[in-house]
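I opened my notebook to look up two things.

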Amino acid sequence: MRVIAFVLREQNISGAIRRTLGITCFSATNLRPILTFCTRTPLTADEFPSETSSESEKESKEGEEAKSLSWRIEKLHRGESVASAFQSWMGDGLPVHRGDIFHSINRLRRLKSTKRALEVMEWVIRERPYMPKELDYSYLLEFTMKFHGIPQGESLFSRIPVEFKNELLYNNLVLGCLEKGLIRLSLAYMKKMRELRHPISYLAFNRLIILHSSPSRKKSIPKILTQMRADKVVPHVSTYNILLKLESNEHSIEGLIKVFADMKRVMVEPNEISYCVLAVAHAVARLYTACESYIECIKKSMTGDNWSTLDILVILYGCLRKHKELESTWAVIQELPYVRGKSFVLAIEAFGKIGNYSRAEELFLEMSSKRGIKSTEQFNSMIGVNCNNGLLTKATGLYKDMEKNGCKPNAITFRHLALGCLKAGLVKEAIKTLELGLGFSVSEKIRKSTPWLETTLSIMEVFAEKGDVENVEKLFRELKKAKYSRYTFVYNSFIKVYVKAKVYEPNLLTRMILGGCRPDSETYSLIKLIEQFRLG
């Protein structure tokens, strides 16, 4: 109780200071969503492999890398010309082959070094170490548009020799426009491609679908798919993976199954990403039997030890309370050349979900000793485990450690602490903590993320047990906005507050059906109980 009072007092003081100075305090809202597929996120300061590699391994690795042109380009200092790397390379009597350039470009693209990649291609076109081909001009166009913008890219495109203006170059031009969100311009170039009978890449349609994924534009997606078929673009698994993820984000199991059925109908073979999306969606919907069957499909379709797939399996085994499988998956992750800080966070949360607090704490201490705790997200993972398990004193202790380490609490921190207060029976403190969390900005991605929604539901369930209609209605509006209320178990938790409060509400069933949720036997039982509170 004293600890919670301390937390609330500290926040009230700091809040008063912020208001006095007129400074807006923003939380770390740019956290990546937990379920990310397809792309590798860049390493953050606390995730560099140098902490896990021995000195001898680093020396041998650098010795091998020094033999490549890409290594010399990457080691250039800021402001140093790329020509010096080429001069050094050729000075050692080594020729510049097309393969060396493509390897360097792929490395620089992964490192998001657009400017350096552009410099490399400009040098190749200018110095001509070999005869440039369509792919070389395609790379030059890509990085020019990324670095200088579309007008500069269009100007370059007009100056490229006619013999190289084929499908690859046009597709890159379209993708560059789409990357900048210029839909009309990209459609104009796609029309030009049809006139020239150049095939349009499925990547262009993938990008169009993503750009039309917002609620106001989503109705255009069927038209995009129709156009894709009209252009005789061969269906690709990545297109269906995007459609699956869109349905998953909408919490629409029916829509998800329909897309998967369409995928099978056109004979597109699902990959591990497809099965990951399906498994996670069913786990979030608490359809655990289906989730388990998709996990088996993930295992069969896995291509090597993909860290992102292993992270998803950690999440899924936590949801399913599969302790043995969770331990074995974590053992595989630990054998990887480098274990990401994010993997530790997910494992801590997963062990907390299955109720193995001691193992979660052990991993937290291991993460702390190996690389140090440097982010709010890392602290939040263990605070969440403590609060879910009713260990409020330990959670508030971590809150103090967070501030000592220079990590600022955010809305997620206070939502976890509010749940901890409720589980400890401190209702007034819980409401104050929730209100403190409202003072922090929260991105839409976080508000729609599964951990945030599940924590909000847990808080709502405690208020429902106490018959607190006002607070339950507030929290339910938040869940409804994220479309999490489409699940029957969420709506049933909402209806329970009226049973506990002994309040008659005639429109509950109508609200539920119109909200896209399907009533079950529990729903009708709860509605029957509420009807007895009708006056007269």
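**Entry 1: two helices.** I began with what an axis is: a line fitted to C-alpha atoms, for helices over the stretch in contact, with angles running from 0 to 180 degrees between N-to-C directions. I kept in mind that this model is predicted. Two packed helices are described by the angle between their axes and the distance between the axes.

I looked up helix H21 (residues 376-388) and helix H22 (residues 392-404). Their axes come within 8 Å and cross at roughly 165°. Angles over 145 degrees count as roughly antiparallel, so H21 is roughly antiparallel to H22. I noted the handedness too: H21 passes H22 in a left-handed crossing.

Which residues of H21 and H22 meet? From H21 I listed Thr-376, Phe-379, Asn-380, Met-382, Ile-383, Asn-386 and Cys-387. They meet Lys-394, Ala-395, Leu-398, Tyr-399, Asp-401 and Met-402 in H22. I sorted this contact by class and got 8 nonpolar, 3 polar and 2 charged residues.

**Entry 2: aromatic rings.** How many aromatic pairs does the structure hold? I found 17.

I picked out Phe-260 and Tyr-275, an edge-to-face pair. Their rings are 6.3 Å apart, centre to centre, with 65° between the planes. This pair links distant parts of the chain, 15 residues apart. Phe-260 sits in helix H14 (residues 253-265), and Tyr-275 in helix H15 (residues 272-284). Are Phe-260 and Tyr-275 buried or exposed? Both are buried.

I also noted a cluster: ring pairs link Phe-476, Tyr-491, Phe-494 and Tyr-498.

Notes: Residues are numbered from 1 along each chain as its sequence is written. This is a predicted model: local features need pLDDT of at least 70, side-chain atom pairs count only at pLDDT 80 or more; totals for chains, interfaces and linings use all residues. Side-chain values use heavy atoms; hydrogens and water are left out. Helices (H or I, at least four residues) and strands (E, at least two) are DSSP runs, numbered from the N terminus. Angles under 35 degrees count as roughly parallel, over 145 as roughly antiparallel, 65 to 115 as roughly perpendicular and the rest as oblique. A crossing is left-handed if the near helix is turned anticlockwise from the far one by less than a right angle, and right-handed if clockwise. Contact means heavy atoms within 4.5 Å. Ala, Val, Leu, Ile, Met, Phe, Trp, Tyr, Cys and Pro count as nonpolar, Asp, Glu, Lys and Arg as charged, and the others, Gly among them, as polar. Rings of Phe, Tyr and Trp (its six-membered ring) pair if their centres lie within 6.5 Å; planes under 30 degrees apart count as stacked, over 60 as edge-to-face and the rest as tilted. Buried means under 20% relative accessible area, exposed over 50%, partly exposed in between (1.4 Å probe, protein chains only).
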